[in-house]
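Trainee: I have a model to read. Please show me how to go through its features.

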Amino acid sequence: MSRFALAIISCLLFVSTIVRATDVSYCDNNEEYQVKVHGVDISPDPIVTGQPATFSISANTDSVISRGKLVIEVSYFGWHIHSETHDLCDETSCPVAVGDFLVAHSQVLPGYTPPGKYSLTMKMLDGHKKELTCIKFSFKIGLGSSSSVADM
């Protein structure tokens, strides 16, 4: 095998191990949000029920954020199915300094969660309930190894 072929195979193996970034859009494209989101990584992708899933959101802020909330809304086939609120300081280090930061949330979805494509809207609010950013993205849930009626 030639050196060129080995180099191509090595590059392909390296690229296949990179976590695929998820397409993200702002809730209001005309809004100038204080927090700019660079991307969302989901691991694993697709999410597997009964196993830990991590959502990592890379962002940037031009002012210090001392406290706040993350408000999450989930839809399945266009139907609102779930809401949750998290303390921002439980998902990243507070105070959030000026510059780049990462918000990461992990959880295990129950085995009975139906597979398919979901939509998520996340709002980040400061301590005074001012909206710092609002993003939307989709994610997929695959079949888990522990899916059964007994899990219900």
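Mentor: Begin with accessibility: buried means under 20% relative accessible area, exposed over 50%, and partly exposed in between (1.4 Å probe, protein chains only). Phe77 has 64%, so Phe77 is exposed. Tyr76 has 17% and therefore counts as buried. The model is predicted: local features need pLDDT of at least 70, side-chain atom pairs count only at pLDDT 80 or more, and totals for chains, interfaces and linings use all residues. Residues are numbered from 1 along each chain as its sequence is written, and side-chain values use heavy atoms, with hydrogens and water left out.

Trainee: How many aromatic pairs does the structure hold?

Mentor: Rings of Phe, Tyr and Trp (its six-membered ring) pair if their centres lie within 6.5 Å; planes under 30 degrees apart are stacked, over 60 edge-to-face, the rest tilted. Here there are six aromatic pairs. Tyr76 and Phe77 have ring centres 4.6 Å apart and planes at 65°, so this pair is edge-to-face.

Trainee: Which residues are closest to the centre of the largest pocket?

Mentor: On a 1 Å grid over the protein atoms alone, a pocket is an open set of points where a 1.4 Å probe fits, with protein on both sides within 12 Å along at least five of seven lines; lining residues have an atom within 4 Å of a point. Grid points join across faces, edges and corners, and volume is the space filled by probe spheres set on them. The largest pocket holds about 460 Å³. Of its 24 lining residues, Val74, His82, Glu84, Gln107 and Leu109 are the closest to the centre.
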